[in-house]
Amino acid sequence: GLLGYRIGVAFVTALACAALSAAALYALRAPMLHLVGLDTGAAAEDVPQHNATATATGASSTFDVAKHVYLVRLASLPGVFVYRVCTGVLNGYQRVALAAGLALVYSGAEVGGVYIALHTDGDSEARLVAATWAAAGAALGTAGLGVAAVFLFPPQEAAGAVRIRLTPPRDAAAAAGNAAPPATALRDMVRDYVASSGNLAVRSILLSSSVWLMSVATGRLHRLPAHQVLIQLWMSTSYICDGFADAATSYGAKLLGAGRYAECKRMTNRLVLY
C-alpha cells in the first residue's frame, strides 16, 4: 500500500540523486583534479621524479592514479545513497537495532578493507587504488544487505511482507488520512521529506566539504603518505561523530514513534550539550 509506495519513491529518489551527482562530478572531473594540482600537464611538471620513475617502470602516473580513484568513488555513490535510505527505512520500521547493526557493518567493512588494502604488497599508488576499491565495495555490499533487510524485516505491525511499488495506490489519500488526490499526496510527501531531511543534507554537505578541502590542501603537497595520514585522521573523527549521529537518529526515531516527545527533546539537548 502506501508504505511500499513511499519506500519505492525513496529508493528511486536515492538512485536519481546518485546518478545526477555522479554525472555532475564526472563532467567536472578535470577542474576537480586541477584544484588538487593534478592535470595532464601539471602531473609531469610538478612531480617529475615520480612520473619519470613511473615511465621507466611502466607504472601509472600520479594523474592516472588520481583519475582512477576519482572514477571509482563516483561508481560507489549509488551504494552510499541506497545505504542511507535503508537505514532510514529500518528506523521507520522501528528496527533500531538492525539499523545500528547495518551502520556498524558498513563502518567495519570500510575500515577493515582500507586497512588491509594499505598493508598489502605494492607501491603506494597501488595500495591507494586498492583502498578505494575496498571502500567502494563496502558501500555497495552494505547497500545490498540494507535492501535485503528492508524486505526481510518489515514493521512488526505490518501484515506480511512490504511490497515495494512505484505507483501510488488508489487508496493513498485515504491511507494518508486526507481526501487529497494522489498527485497532491505525492507533493505533500516530497515536501515533508525535504523538510525533515534538511538537517541531514546540511550535515552531509559540511562533512563532504571538509574532506574535499582537506584533499585539495594535501593534494598540492604531492605526497601520498601525507594525504593518507590526514584522511585517516578525518575518517576517525568522522566515525566518532557518525556514531553519535546514528545512535541519536535510531533512538530518536524510536522515541518519536512511541510518542515520547519530551524524552526525545531531552536526549537531543543532552547530545548537543555534550
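This report covers the fold, helices, cores and surface features of a predicted model.

## Basis of the model

Residues are numbered from 1 along each chain as its sequence is written, and side-chain values use heavy atoms, with hydrogens and water left out. In this predicted model, local features need pLDDT of at least 70 and side-chain atom pairs count only at pLDDT 80 or more, while totals for chains, interfaces and linings use all residues.

## Overall fold

The protein chain has 13 helices and zero strands. Both kinds of element are DSSP runs, numbered from the N terminus: helices are H or I with at least four residues, strands are E with at least two. Read along the sequence, the pattern is α-α-α-α-α-α-α-α-α-α-α-α-α.

Of the 274 residues in the protein chain, 34% are buried. Buried means under 20% relative accessible area, exposed means over 50%, and partly exposed lies in between (1.4 Å probe, protein chains only). The accessible surface of the protein chain comes to about 16,000 Å². Carbon and sulfur atoms hold 67% of that surface. Accessible areas come from the Shrake-Rupley method with a 1.4 Å probe; for residues, only the protein chains shown count as cover.

Contact means heavy atoms within 4.5 Å. Take the contacts in the protein chain between residues at least 6 apart in sequence: 72% of them join residues at least 24 apart.

## Helices H1 and H6

Helix H1 covers residues 2–27. Its 26 residues should span 38 Å at 1.5 Å a residue, and its end C-alpha atoms are 37 Å apart, which agrees. The expected span is 1.5 Å times one less than the number of residues in the helix. Buried residues in H1 include Ile7, Phe11, Ala14, Ala18 and Ala22. An α-helix has 3.6 residues a turn, so residues three or four places apart point the same way.

Helix H6 runs over residues 77–92. Among the buried residues of H6 are Val82, Cys86, Thr87, Val89 and Leu90. Thr87 counts as buried because its relative accessibility is 11%. Just after H6, Gln94 takes a positive phi of about 70°.

## Nonpolar cores

A nonpolar core is a set of buried Ala, Val, Leu, Ile, Met, Phe, Trp, Tyr and Cys residues joined through side-chain atoms within 4.5 Å. The largest has 20 residues. Ile7, Phe11, Leu90, Tyr93 and Val150 have the most contacts inside this core. The elements giving two or more residues to the core are H1, H6, helix H7 (96–118) and helix H8 (124–152). H6 provides the largest share, six residues. Another core, of five residues, lies apart from this one; Ala18, Ala22, Tyr70 and Leu74 are among its members.

Leu90 touches Arg95, Val96, Leu98, Ala99, Leu102, Ala149 and Val150, not counting residues up to four places away in sequence. In soluble globular proteins, nonpolar side chains tend to be buried together.

Val211 sits in helix H11 (residues 198–219). Val211 is buried, with a relative accessible area of 18%. Leaving aside neighbours within four places in sequence, Val211 is in contact with Ile231 and Trp234. Val211 and Trp234 are 23 residues apart along the chain, and their C-alpha atoms are separated by 7.2 Å.

Gly257 belongs to helix H12 (residues 224–257). Gly257 is exposed, at 58% relative accessible area. The C-alpha atoms of Gly257 and Gly92 are separated by 8.0 Å, although the two residues are 165 residues apart along the chain.

## Surface patch and salt bridge

Leu35, Trp212 and Leu213 form a nonpolar patch on the surface, with about 270 Å² of accessible area together. Patches are made of residues with over 30% relative accessible area and no salt bridge; like charges are joined within 9 Å, nonpolar side chains (Val, Leu, Ile, Met, Phe, Trp, Tyr) within 5 Å. Leu35 is found in helix H2 (residues 29–35). At 33% relative accessibility, Leu35 is partly exposed.

A search of the whole structure finds one salt bridge, defined as a side-chain nitrogen of Lys or Arg within 4 Å of a carboxyl oxygen of Asp or Glu. The side chains of Glu263 and Arg260 meet in a salt bridge at 2.8 Å, N to O. Glu263 is partly exposed at 29% relative accessibility. Arg260 is partly exposed too, at 33%.
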